[in-house]
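Take a look at the model below.

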Amino acid sequence: MAHNGLPLYPVTVVGSWPRPSYLLEALRKRQAGQLTFEDFNAVADRAVLESLRYQEDAGVDIVSDGEQRRDNFYSFVVEKLEGVKLMSLADIMDAVEDKAAFDAILRQADAPAFAIHNTTAVGKISPKRSLALDEYQFLRQHTKKPIKIPLPGPYLLARSMWVKGISDSAYPTQESLAVDLVEILRNELIALRDAGCDFVQFDEPVLTDVVFNAGVKERTFMCASMSASSGDPTKELIFATRLINSITEGVDGIRTGIHVCRGNWSRKDEVLLKGSYAPLVPTMMGMHIDQLVLEYATPRAGELAAFEHYPQKKEIGLGVANPRSDEIETADFVVGKVKEASQYFAPEQIYLNPDCGFGTFADRPMNPAAVAARKLHVIAEAAGQLRKSAN
Amino acid sequence: MSDQEHKIVNGIDLEAFQSALEVVGSQPAAKHAPKASRVRWVDGLKFKAQVRNHTFIVDEPAHLTGEDTSPNSVEYVLGAYGACLATGFVMNASKQGIKIRNLEVSLESTQNNVFTFLGLEPSTDGHPGFEEITAKLFVQANADEATLRKIWEHTITTSPVHNILTRIATIKPEVDIIA
């Protein structure tokens, strides 16, 4: 049974796709200042179309551009905003007093300072270009399928962009930076809606850092949450909710979602967070968005019973494939997950996607494209079985 | 002597120091004194080392095409050894209430065959590690020679860097190639 022009159990992606080597080379040149924005995008156009082909061949119903133009899911805003600079953690550590805290993050992440870049507010921010409208417009020329555009969430951007010792010359507090971020993101959402975009997903992985590292004021590298938290999860979650709602309030005619994962940038489970969504569910229910895009393909995500007190309140983008593993899930596994989710969500509320993107960071993909494609094929196969059973 | 005169010796507040030792001693995990350092390549033969919130540069001398802005790694080790011996001597002497007027540690070293590091000779022809180090303490203090020599001997045997240089640590090298 179709719904909103989509088949039942629409198959989609979370966003990122592995980058081909020629694109990584172009990205390196871009970052070294050896390639213009326009020339880089000309190279990225080809990679976007390759990513699109993989998705369409796999049977994906709502496609993305694979975030091919992005260094990672949030730092790309440095190309789009004035007043921000992509600083390596090495440069940040040179500028800040609390170097040891950043070193601790790197040890936990098992990563070198030179490989981690952070989009840092170094002055007053303002739009230089649209955040993702260009990405949408290019993809729209090449597919008739509905399009999802992921955007970094406002809480993620506020936490990552505000660095004490660097940002406070323009923004005395993280909250003051968030005011400008909300305006920019809201304008982008409206522009995408007006251009015909079907789905905008706000990425807010730092929310799991808030609940699973509760009471920890120090920064964690959970998706580069460089700004120290207040340490009070309730305060942080209220802040995050207020920001999202300020963006989406009154903006109709486009599906909105929030993606919250525990980090999918490493194959080492021990450096990633784990825990049920239960502590976050009340907060997510208070957000004025349509869909929760969540990871449920691995045990670390906990049980879907976390939604038992909120049946059928929102759509779920059900994570049914682990982007970090070599093992290809089976259609039976996916069908099993859907059956479990059906206890808490109506059939037309269930969308199917991998747990996260396959290339959260451009230079550290979790799997090659061929493996990612096989995982999408399985999800689509399972969706086909489920639709058949439903008829 | 007054209590005040006992309290601070050689700039060390002995009571505070003793309290600090007791706190450290009460934490079994502190016995292994975990440490961390991160060293980044700057350019050429210059590197930036960070330990806690401190940063220091490691460079090579001009005759090895470095910029000679800072000591090289081996020179840091030599300096660290001297500083460690000096630290130990001052600490141990102060605990006994001995006032030190002046103190220096002079060190000289030779390496077995640094040409193996530079690639001028094969690694089968020796090693670039220290061959010999002389460490000479110069001290003026309010104690007799026998006492000071005893403190020096104790300082050497309990010096962490002395033990680093004379014992064999388990080194676990790893590499992560970043794409």
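Which residues of α3(B) are buried? This is a predicted model, so every answer here is computed from predicted atoms. The buried residues are B:L78, B:Y81, B:C84, B:L85, B:G88, B:F89, B:V90 and B:A93. To count as buried, a residue needs 20 or more other C-beta atoms within 10 Å of its own.

Now follow the helix from end to end. Helix α3 of chain B covers residues 73–95, which makes 23 residues. From its first C-alpha to its last it reaches 32 Å. That is close to the 33 Å expected at 1.5 Å a residue. After α3(B) comes B:G97, with a positive phi near 75°.

Another glycine with a positive phi sits in a hairpin of chain B. Strand β3 (residues 38–43) and strand β4 (residues 46–51) of chain B run antiparallel and pair over 5 bridges. One of the pairings joins B:W41 to B:F47 in β4(B). Between the strands of this hairpin there are 2 residues. B:G44 takes a positive phi there, near 55°.

How many helices and strands does chain B have? There are 6 helices and 7 strands. Along the sequence they follow the pattern α-β-β-α-β-β-β-α-β-α-β-α-α. The C-alpha atoms fill a box of roughly 65 × 35 × 30 Å. The radius of gyration of chain B is 20 Å, but a compact globule of 179 residues would have one near 16 Å. Of those 179 residues, 9% count as buried. Take the contacts in chain B with a separation of 6 or more: 43% of them come from residues 24 or more positions apart.

Chain A has 12 helices and 8 strands. Its C-alpha trace spans about 60 × 45 × 40 Å. Why does the size of chain A agree with a compact globule? With 391 residues, such a globule would have a radius of gyration near 21 Å, and chain A has 19 Å. Buried residues make up 52% of chain A. Among its contacts between residues at least 6 apart in sequence, 81% join residues at least 24 apart.

Finally, see where the chains meet. The contact takes 8 residues from chain B and 16 residues from chain A. On the chain B side, 3 are nonpolar, 2 polar and 3 charged.

Technical notes: Residues are numbered from 1 along each chain as its sequence is written. Chains are lettered from A and ligands numbered from 1 in the order in which they are written. This is a predicted model: local features need pLDDT of at least 70, side-chain atom pairs count only at pLDDT 80 or more; totals for chains, interfaces and linings use all residues. Helices (H or I, at least four residues) and strands (E, at least two) are DSSP runs, numbered from the N terminus. The expected span of a helix is 1.5 Å times one less than its number of residues. A residue is buried if 20 or more other C-beta atoms lie within 10 Å of its own, exposed if 12 or fewer, and partly exposed in between; C-beta atoms are placed from the backbone. The radius of gyration is taken over C-alpha atoms; the globule rule is 2.2 Å times the number of residues to the power 0.38. Two residues are in contact if their C-beta atoms, placed from the backbone, lie within 7 Å. Ala, Val, Leu, Ile, Met, Phe, Trp, Tyr, Cys and Pro count as nonpolar, Asp, Glu, Lys and Arg as charged, and the others, Gly among them, as polar. Two strands pair if DSSP finds at least two bridges between them.
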